[in-house]
4 protein chains.
Amino acid sequence: MTVRIGVIGTGMIGEDHAKRISQTLTGGKIVAVTDVNPDQARAVVDRLNLDAQIYDNGHDLIKADNVDAVLVTSWGPTHEEYVLSALAAGKYVFCEKPLAHTADGCKRIVDAEVAGGKRLVQVGFMRRYDSGYLLLKNAIDKGQIGEALMLHCAHRNPSVPESYITPMAIYDTLIHELDVFRWLLDDDFKTAQVVFPRKSRYSHSQLADPQIVLLETVKGVRIDVEIFVNCQYGYDIQCSVVGEEGVINLPEPESLLMRKQAQLSNAILMDWKKRFVAAFDVELQMFIDGVAKDSITGPTSWDGYAAAVASDVCVLAQTSGQIEPIEMPEQPAFYR
Amino acid sequence: MTVRIGVIGTGMIGEDHAKRISQTLTGGKIVAVTDVNPDQARAVVDRLNLDAQIYDNGHDLIKADNVDAVLVTSWGPTHEEYVLSALAAGKYVFCEKPLAHTADGCKRIVDAEVAGGKRLVQVGFMRRYDSGYLLLKNAIDKGQIGEALMLHCAHRNPSVPESYITPMAIYDTLIHELDVFRWLLDDDFKTAQVVFPRKSRYSHSQLADPQIVLLETVKGVRIDVEIFVNCQYGYDIQCSVVGEEGVINLPEPESLLMRKQAQLSNAILMDWKKRFVAAFDVELQMFIDGVAKDSITGPTSWDGYAAAVASDVCVLAQTSGQIEPIEMPEQPAFYR
Amino acid sequence: MTVRIGVIGTGMIGEDHAKRISQTLTGGKIVAVTDVNPDQARAVVDRLNLDAQIYDNGHDLIKADNVDAVLVTSWGPTHEEYVLSALAAGKYVFCEKPLAHTADGCKRIVDAEVAGGKRLVQVGFMRRYDSGYLLLKNAIDKGQIGEALMLHCAHRNPSVPESYITPMAIYDTLIHELDVFRWLLDDDFKTAQVVFPRKSRYSHSQLADPQIVLLETVKGVRIDVEIFVNCQYGYDIQCSVVGEEGVINLPEPESLLMRKQAQLSNAILMDWKKRFVAAFDVELQMFIDGVAKDSITGPTSWDGYAAAVASDVCVLAQTSGQIEPIEMPEQPAFYR
Amino acid sequence: MTVRIGVIGTGMIGEDHAKRISQTLTGGKIVAVTDVNPDQARAVVDRLNLDAQIYDNGHDLIKADNVDAVLVTSWGPTHEEYVLSALAAGKYVFCEKPLAHTADGCKRIVDAEVAGGKRLVQVGFMRRYDSGYLLLKNAIDKGQIGEALMLHCAHRNPSVPESYITPMAIYDTLIHELDVFRWLLDDDFKTAQVVFPRKSRYSHSQLADPQIVLLETVKGVRIDVEIFVNCQYGYDIQCSVVGEEGVINLPEPESLLMRKQAQLSNAILMDWKKRFVAAFDVELQMFIDGVAKDSITGPTSWDGYAAAVASDVCVLAQTSGQIEPIEMPEQPAFYR
């Protein structure tokens with residue numbers, strides 16, 4: 001069975017996903033697209049040579065008989081309504097982060113999905129599909145380092161535009177870590193604190209950069225994450241897990257070891273889009289395979305909600321300077 | 001267009017390829033299989049849940065109307081006849097190494113293909129599709145280290161069975177290097193010499209292990225390859241390219257950096273099958289895509305022939321102890 | 001001129017220093033020793049074949065005419081009285097950490113030294129002489145990474161005895177970091193906070209292990225130090241400095257890269273005594289050279305005092321759970 | 001006892017050694033110097049503030065009553081006569097490489113030393129004292145990788161002047177490897193072969209650069225050494241030992257790991273003088289200690305002779321293109 005997919009939002013990430021589904025992955029076919037800008041939708045259909053109908057709006061696309069599953073890759077604040085619409089239609093939906101613009105919005109999706117009685121939503125937390133994070137998770141789960149006690153992490157970008165302001169370090173950047181930590185540790189967050197080192201000369205007026213987020217989990221794991229989005233030197237994701245018997249590090253992306261000009265060096269990526277390319281492929285292939293088998297397994301709307309709750313508390317902690325509690329309702333049995 | 005593929009030989013590698021075509025790659029479909037052991041063919045069809053007809057023999061499979069392209073993954077000495085048969089039928093054929101049991105056999109395939117006037121053969125030299133080798137090639141081609149002057153390489157296996165004898169180090173093991181060096185350097189071999197270090201205690205009576213092959217190319221690049229197939233510690237492929245302005249190394253396969261038990265370590269693979277899994281995927285995807293576009297681009301039958309010629313000279317050099325010339329006929333314009 | 005040295009306290013570290021002065025370093029000679037246990041002093045004189053007089057007590061040793069400089073390597077709580085005695089006698093004194101048992105004790109030494117008008121005290125903070133830390137300091141001072149913004153550090157031991165209790169993680173273990181950070185950054189501490197991850201199963205009843213100390217400096221640098229003294233796997237000192245334009249890491253101690261048994265590994269030290277052997281040599285050679293030139297340059301009694309003040313606040317922060325201010329009096333011009 | 005040392009030849013290396021003896025090492029004192037250029041000798045005495053007599057010639061210096069041991073750091077072709085003169089005077093002599101200008105000259109020294117009945121000569125092969133090579137030797141001797149089977153090595157310099165001609169790659173550059181291999185493996189050479197890759201554009205008209213020397217030892221170990229003295233990128237000494245159960249690599253010199261400008265890098269030395277600074281210290285300290293104990297242990301005149309014999313054969317192999325035998329007389333029991 002080929003999974004017939006409709007894409008809502010054909011901006012950069014939407015076009016990327018449409019391209020990988022039609023050219024790289026197997027088992028899926030783009031049959032419908034829509035975008036707030038119809039010319040943009042048309043251009044993507046042409047560029048990718050898709051045999052796909054162009055819809056006026058997402059809701060019509062969702063309802064189309066020949067659409068088995070929906071990709072929501074539109075502007076963030078519109079995610080909630082399309083995911084709810086897909087749930088109402090009983091269709092599988094892959095939603096890029098954020099699941100919704102607010103934690104409350106996420107909760108409405110969770111409630112609708114639970115009420116519907118069937119898992120239909122997968123959230124685009126692609127790091128869970130990165131080969132390096134999978135090695136970390138496998139080693140933790142096998143007890144190779146005993147119980148995990150601490151995570152030391154960093155999320156660094158070469159630079160960000162002036163429009164990137166302090167809270168975005170949380171809801172735009174840290175959001176991926178907020179999901180991947182829960183998954184890695186099979187745990188939930190308990191408290192958050194944010195501290196601000198001296199500001200880099202490369203930071204902007206509306207941005208305190210770098211910052212350090214300190215998280216505590218229910219099991220007592222302590223996590224520190226440096227967020228440094230004008231670090232100049234590269235896009236660099238670090239994750240070191242300290243366990244009772246050992247320490248493991250997220251692998252560096254593959255590169256040549258080069259001896260040249262008095263340096264023994266490996267290249268560091270400058271472009272974040274290259275870092276998780278393979279993870280995006282696996283993520284969407286798993287979604288397509290899951291839809292084909294009528295049983296999806298990826299990050300749930302509960303995961304999207306949990307990340308949103310933690311994200312909100314971190315933003316609060318940025319301004320309070322205090323250790324802030326993160327209170328999550330109990331996870332419904334539905335998502336276990 | 002879906003490329004309809006017939007598989008001749010459903011042993012380990014044949015089944016692997018059938019599996020990746022039907023489950024991982026896109027654009028291809030296994031429609032026909034055959035094996036010298038019909039039960040084996042049947043078992044693979046069942047295990048992979050293929051919608052494929054089982055043929056009594058490879059020649060009938062090749063002639064089948066619904067077969068667009070053929071995979072030859074049968075026992076090595078039978079490769080030549082099936083490839084020639086596919087050429088006679090004007091069908092695309094992907095042939096696992098070796099292209100033929102002898103250099104003469106390879107030459108017969110080259111002649112038949114040239115006579116037919118169309119490139120139809122791709123040889124299974126998968127290293128050209130390995131991401132690490134591609135990084136090496138890209139750096140060389142861009143002149144990042146100036147002209148390449150030397151290659152220092154190693155091909156190590158943890159152990160081999162007693163049936164593995166000295167010449168197999170060349171035609172079974174070195175054969176991949178013989179292809180990949182020509183491709184990396186865009187060059188041909190000129191001489192070969194083999195020297196034997198003291199024998200490892202883990203070697204067998206009919207095997208001189210390790211050995212070192214010294215190659216000289218037409219452009220004057222000097223290559224040393226250590227072949228050590230009872231090295232105990234892992235499956236380890238090393239390739240260091242020394243250029244006029246720098247040195248680059250083939251990356252190690254991805255693994256966690258672990259601090260544990262007084263060691264800072266990365267795992268080394270023990271199983272060769274895991275080393276080039278991703279390269280196999282890319283290789284076959286490129287073949288399928290090429291067939292779909294009626295224009296394939298992978299290693300040619302000339303490449304298979306060139307590797308076979310060099311391989312024969314290396315085996316000769318094992319016993320002569322001399323520097324032996326490698327004489328290649330001029331490459332037909334057809335293959336340029 | 002040969003510097004004639006008296007050693008007060010011939011336990012492990014005292015004997016080590018006596019040995020390096022008499023056998024490895026140049027320009028110094030052990031002429032006097034004393035120990036609370038006279039047999040121990042005698043045994044060291046015999047073992048090292050020293051031409052040294054054995055004194056009944058430290059004060060007499062300090063006053064001896066042929067003693068140019070004193071090494072205080074006795075039990076920690078006795079350091080203050082011997083250092084004050086050496087100051088009273090106008091003699092150079094090298095004092096192992098801690099300079100005194102309390103911050104107040106350190107302050108009394110500072111006051112006495114300032115009153116005397118001449119720098120006579122060097123404190124045994126040997127990390128300043130470690131080749132790796134010197135590389136870090138040099139890179140920071142040259143601006144190779146822009147201004148330093150954050151330090152991510154770890155101090156790990158394989159295990160500690162049951163007598164090691166929670167505050168010792170600060171005054172026995174972190175004390176070296178507390179000095180080396182001030183020196184690396186040319187900065188002082190402003191606040192301290194301590195957080196406790198879940199406890200390792202290898203920790204003892206009176207020890208919360210691991211713990212994380214969060215420091216803020218006057219310039220705004222943020223430092224996190226993981227202290228993990230039952231980490232099982234090795235003695236491991238990590239220090240990563242994040243600057244505006246790059247990140248630098250303290251080098252790992254030299255070791256062979258070994259491929260063996262499915263691992264690509266470097267050995268990690270298990271014994272802390274081996275980690276800073278070379279630094280101890282340089283530290284004491286610099287002291288001897290300084291005495292010979294009548295001008296010493298190492299860590300001052302002010303440095304010892306500053307580390308003690310920060311240490312006390314960290315111990316307080318262990319129990320308060322709060323962000324605690326670290327208030328240092330202004331540094332006397334004498335020490336600049 | 002202080003060892004009183006006379007230095008013959010106060011050029012760069014002579015001054016360096018005089019400086020380390022008087023300023024860094026312990027137990028030695030420079031009491032006499034001479035140089036073919038008396039002003040040069042005078043200048044060094046002044047610069048280093050030595051309490052040393054300046055002699056008209058080496059022979060008078062050797063005979064001086066207050067000279068216990070001699071350092072021969074003069075122009076290479078004069079080494080033999082000074083070493084013989086020291087042997088005639090029954091004095092310890094440390095001779096920089098080469099021991100003599102020819103293998104025959106070395107043999108005359110060996111004969112004189114044996115006739116004298118006492119080991120008096122130490123040759124300046126400092127790599128034996130390098131911490132990295134010592135780690136290699138220790139691992140080999142402990143059998144950590146089983147029996148050594150192969151060595152893959154490189155000796156690279158950024159560049160050499162036009163006066164450096166092809167044979168110098170052997171007698172000036174490879175000479176250190178020729179000694180250190182014998183010592184590492186406790187073995188002697190049996191054959192040598194030299195092959196020439198295509199020449200680097202950075203090479204000179206009288207220099208074939210790079211070149212590869214292939215050595216076979218009596219025990220059957222195979223060694224390949226790349227000599228590349230215009231490699232542009234750094235001074236880089238590589239040595240990888242392949243044993244029956246594992247592979248070990250000479251450590252890289254200590255440096256910071258730096259993340260900056262899209263690179264994860266360690267610095268590579270450009271200046272060979274920095275590479276073995278610590279080894280020079282240990283080497284000379286061991287010589288001084290040996291003289292003080294009347295029993296020296298470093299590289300012998302036999303070692304100097306063996307390296308010279310191998311060096312001559314390698315130079316021959318450069319032009320013959322053949323596998324050339326290396327014939328060593330039996331080592332006298334005196335040197336075992």
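Student: In this predicted model, how many salt bridges does the rule find across the interface of domain 1 of chain A and domain 2 of chain A?

Tutor: The rule asks for a side-chain nitrogen of Lys or Arg within 4 Å of a carboxyl oxygen of Asp or Glu. Applied across the interface of domain 1 of chain A and domain 2 of chain A, the number of salt bridges found is 0.

Student: How many residue pairs are in polar contact between domain 1 of chain A and domain 2 of chain A?

Tutor: A polar contact is a pair of N or O atoms within 3.5 Å, and both residues of a counted pair have pLDDT 80 or more. Between domain 1 of chain A and domain 2 of chain A, the count of such residue pairs is 4.

Student: What share of the area buried between domain 1 of chain A and domain 2 of chain A comes from carbon and sulfur atoms?

Tutor: On the side of domain 1 of chain A, the residues that lose the most area to domain 2 of chain A are A:K97, A:F125 and A:M126, which together make up 35% of what that side buries. For the two domains of chain A together, the buried area is about 1,600 Å², and the share given by carbon and sulfur atoms is 73%.

Student: Turning to chain C and chain A, how much area do they bury between them?

Tutor: The contact brings 38 residues of chain C together with 38 residues of chain A. Of the area that the two chains bury between them, 56% lies on carbon and sulfur atoms, and the total is about 2,900 Å².

Student: Which residue of chain C meets A:R198 in a salt bridge?

Tutor: Between chain C and chain A the count is 4 salt bridges. In the salt bridge made by the side chain of A:R198, the distance from N to O is 3.3 Å, and the partner is C:E147.

Student: Which strand gives the most residues to the side of chain C that touches chain A?

Tutor: Several strands of chain C each supply at least two residues of that side, among them β7 (148–156), β8 (189–195) and β9 (211–217). With 5 residues, the strand that gives the most to the side of chain C that touches chain A is β7(C).

Conventions:
Residues are numbered from 1 along each chain as its sequence is written. Chains are lettered from A and ligands numbered from 1 in the order in which they are written. This is a predicted model: local features need pLDDT of at least 70, side-chain atom pairs count only at pLDDT 80 or more; totals for chains, interfaces and linings use all residues. Side-chain values use heavy atoms; hydrogens and water are left out. Buried area is the accessible area (1.4 Å probe) that two parts lose on being put together, summed over both. A polar contact is a pair of N or O atoms within 3.5 Å; within protein, one must be able to donate a hydrogen and the other to accept it, and residues adjacent in sequence count only if both atoms are side-chain atoms. Contact means heavy atoms within 4.5 Å. Helices (H or I, at least four residues) and strands (E, at least two) are DSSP runs, numbered from the N terminus.
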